[in-house]
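Biologist: Could you take a close look at one part of this model for me, namely the pockets and what lines them? Please state the cut-offs behind each term as you go.

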Amino acid sequence: MNLQNNFSDNTNNSLKVLVKRGSSVESIHRAHASICDTKGRTLMKAGSCEYETFIRSALKPFQAMPFLTSGASEKYNLDSKALALACGSHSGSSVQARTAFKLLWNADIDIKELKCPTPQNRESKLQHNCSGKHSAFLATCKKMDWDLDSYLMGHHPLQREIFRRVAELLKIPAEELIAERDDCGAPTLLLRLSQMAVLYAHLSKSDQPEFEKITRAMTNNPDLIAGEGYFDSELIKRGHNQIISKGGSEGIQCIGRLGEGIGLSIKVEDGSKRAKHAVAIHLLRQLEWITPTAIEELDEIILQKKPGIYIEVEGELKIP
């Protein structure tokens, strides 16, 4: 990865998030965004759509594909809630932890097989925000008679299948994908913003059976994707079954417009969560993907600005 490439292309056209205390600017964040279709065409952008970074947890809906295509979800009689949790980064609520437990229980897998860590000040690995993904990984491995102990290794058949499917969607050789360890232990991928948008364009088009099941699970169970009061869940609730949303750490946010095959990806250079949500709300307002009322509700719920603090986003998506 050449970091210099991220700062040499269209940085003057990037989005700026200004955090003001009163009338004075206290912090500035810079962000990039890309909108693409399933053919890989860039429809609109702000800043550099070639910005390279890790997709982080926004990869989860695609990591859940083998859970469906292997027949694991069907064999172990798992419903859309299990699938939604596998796609989500949940907040560790009792309902979410029980959903992960049920997934493992139905597949007759011991909780001890989970490789995600126990979160700080929590009691169980089931409360880790990636426990749904890991549980689906294990169920898939058991169905396919793959080794359970090494399921997070890049050479494991499960991870190779995920890489293959992602590469197929991006129309590149799987060998070109660069994977590194995410915080939960699973591989994540280094991608361009445009490639992330293409992935979400495919997912949102729902023209493949597994994509249709994934998007339906996400829209039907929004609180399993993140949790009440969290951006992804609150946006999906207000999307009238037309929006899917999945964020990732370090300023990653991906959104899909269902039925239209259009994906939006966002990266905030300094990784700010507050800034990525402000940018997402700003762009949703420009795109008119949700109602003005929904925009105002998201702004109030998610940004939670303190008295005297103002957040402004400068710039907009433009046709390249």
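Modeller: Helix 10 (231-237), strand 7 (243-248), helix 11 and helix 12 (292-303) each supply at least two residues to the lining of the largest pocket, where helices (H or I, at least four residues) and strands (E, at least two) are DSSP runs numbered from the N terminus. Helix 11 contributes the largest share of that lining, four residues. The model is predicted, so that local features need pLDDT of at least 70 and side-chain atom pairs count only at pLDDT 80 or more, while totals for chains, interfaces and linings use all residues. Residues are numbered from 1 along each chain as its sequence is written, and side-chain values use heavy atoms, with hydrogens and water left out.

About 640 Å³ of space lies in the largest pocket, and of its 32 lining residues the closest to the centre are Ser-89, Asn-129, Ser-249, Lys-273 and Lys-276. On a 1 Å grid over the protein atoms alone, a pocket is an open set of points where a 1.4 Å probe fits, with protein on both sides within 12 Å along at least five of seven lines, and lining residues have an atom within 4 Å of a point; grid points are joined across faces, edges and corners, and a volume is the space filled by probe spheres set on the points. By class, the lining of the largest pocket holds seven nonpolar, 14 polar and eleven charged residues, with Ala, Val, Leu, Ile, Met, Phe, Trp, Tyr, Cys and Pro counted as nonpolar, Asp, Glu, Lys and Arg as charged, and the others, Gly among them, as polar.
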